[in-house]
Amino acid sequence: MDHSPGLTDFPADESGRRSSIAFGRSVVADALRHVDPAAAAAAERESDWRRGYLRHFRALVETGLAADGSVGYEIAEAGLASVQARVRYRRDDGDFTLAQALLATPDRPLDTVEVKGSGEPEREVVLPYRGELLRGDGLRRRLDAWVAAGVIEDSCAEAVREVAGSPDWLDLSDQTLVALGAGTEMGPVASVLGWGGTVVAVDLPRPHLWERVEGVAAQSAGRLLAPAAGPTPGADLLRDLAAVAQWLLGIDGRLVLGNYVYAPGSAYPLLAAAVDALGTHLRHHRPDTALAFLATPTDVYAVPAAAVTHARERYAARSRRARATAALSGGRLLRPNYPCDVAPGLNDSLVPQQGPNYALAKRIHRWRATVTRRDGVVSFAVAPPTRTRSVLQNRLLAAAYAGAHLFDVETFEPATASRLMALLLVHQLRKPRAASPAAWQDEAAGAAHGGLWRAAYHPRTALPLAAVRGLVLPR
């Protein structure tokens, strides 16, 4: 294998075509094949993957509930194995697996850019919310209000309360956060720097992005390190994977590899696969490396019985107007979130507009969290619906978020969501959870789903009405 530049890509079929659709369909089928051959065959037969993927991603979770939830581990292992076997790293001298690509010697090592902040470290838990800075009793009241409204699970509130009661936990000097996708709005970079921590920031070499990230670091109490191959810091994980891996292995301290990456369209599952291979590589060389993920609320989850009960009570108490709307729609609108009183319930909040590539990338993150928790430290939490730039670029999704409160779903501002998720990261690093016998239970712990799990209506049957209202409501 030579050292020529390469590119992470999908596998080629007999004609040489590389398709994200074929890749996604095959990975889902492979994940299901051993535990549910019929579901795997159904995925392989799906002729319209762009629209039909929803039921197959639901099947991944539904099937994982078998054998008291332990099958979820088998599905995660099979899915990850399929991803890493299929994704290729293309060079002039052939196609290679990502594991092989990570063993190559880079053309030139990456340099290191360092920014040291000049501020004083924050030593109190503070949460920005609607123009206020919540702390102490104000923070506790907000957490209680969110739990009562079904916006977050009680385990999420309890975790934040524990961190607030142990402010010394914010001192992360014994950890080094590697923030992949350091420029994203939902990541914890600003919080960790504000607490005086060290952040190793990896993102694309875009001047405006790094001007913003370095500006945050300079005003903080923390220390920022970033890779650089030119005048602008940054690296492309789809092309520079081996160089980034080599550079990270030279960083001192216990690493926490935080996956906050995002890319539009078909690049997202490729980026998820590249980060997944990088995490495996780092943990092989440095087994104490922890992993951190933010899970999207717009996915399928098994949820606790209490969430099902809350949602069914809301549905039973729905207004006459809601009943009439459902009837006039022929049952297409405002269907119950949980038709049956079962435990665990199955919450299907997949949003078709986000597409199968987005769903697969987020599922790769979830699978790796599931597998790693059995022998390592993992921070994983369902984040709330948030008005990030990527969401607001989708006109329908932005409108649905604007009208979501009419259906008991709260959408968060990025500053609130990112700080809340950063506090959960701290809690899970300081008080790591052992793997549960049922994989779904770990995913449900600490969830801040915004109300999607406890809403009266199946999200896709309320989304059109929320969008209509959102288009006419003042922003």
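The protein is divided into domain 1 (7-103) and domain 2 (111-316 + 356-390 + 411-455), with bounds that come from an automatic or database domain assignment. The structure is a predicted model, in which local features need pLDDT of at least 70 and side-chain atom pairs count only at pLDDT 80 or more, whereas totals for chains, interfaces and linings use all residues. Residues are numbered from 1 along each chain as its sequence is written, and side-chain values use heavy atoms, with hydrogens and water left out.

The centres of domain 1 and domain 2, taken over C-alpha atoms, are separated by 25 Å. To the contact (heavy atoms within 4.5 Å), domain 1 contributes 35 residues and domain 2 contributes 37 residues. About 3000 Å² is buried between domain 1 and domain 2, 73% of it on carbon and sulfur atoms; buried area is the accessible area (1.4 Å probe) that two parts lose on being put together, summed over both. Of the area that domain 1 buries against domain 2, 26% is supplied by Tyr-73, Leu-80 and Leu-102, more than by any other three residues.

Three helix pairs illustrate the packing. Helices (H or I, at least four residues) and strands (E, at least two) are DSSP runs, numbered from the N terminus. Axes are lines fitted to C-alpha atoms, for helices over the stretch in contact, and angles run from 0 to 180 degrees between N-to-C directions.

Helix 1 (residues 20-33) and helix 14 (residues 355-372) have axes that come within 10 Å and cross at roughly 40 degrees. Helix 1 is therefore oblique to helix 14, given that angles under 35 degrees count as roughly parallel, over 145 as roughly antiparallel, 65 to 115 as roughly perpendicular and the rest as oblique. The crossing of helix 1 past helix 14 is left-handed, a term used if the near helix is turned anticlockwise from the far one by less than a right angle, with right-handed used if clockwise. Helix 1 makes the contact through Ser-20, Phe-23, Gly-24, Val-27 and Ala-31, and helix 14 through Asn-357, Leu-360 and Trp-367. By class, this contact of helix 1 with helix 14 has five nonpolar, three polar and no charged residues; Ala, Val, Leu, Ile, Met, Phe, Trp, Tyr, Cys and Pro count as nonpolar, Asp, Glu, Lys and Arg as charged, and the others, Gly among them, as polar.

The axes of helix 6 (residues 136-149) and helix 7 (residues 154-165) come within 9 Å, crossing at roughly 170 degrees. Helix 6 and helix 7 are therefore roughly antiparallel to each other. Leu-139, Leu-143, Asp-144 and Val-147 of helix 6 meet Asp-154, Ala-157, Val-160, Arg-161 and Ala-164 of helix 7. The contact of helix 6 with helix 7 has six nonpolar, no polar and three charged residues.

Helix 10 (residues 241-249) packs against helix 11 (residues 267-285) at an angle of about 35 degrees, with the axes 11 Å apart, and passes helix 11 in a right-handed crossing.

Backbone geometry was also examined. A cis peptide bond, with omega about -5 degrees, joins Ala-343 and Pro-344; Pro-344 is found in the loop between helix 13 (320-328) and strand 13 (345-348).
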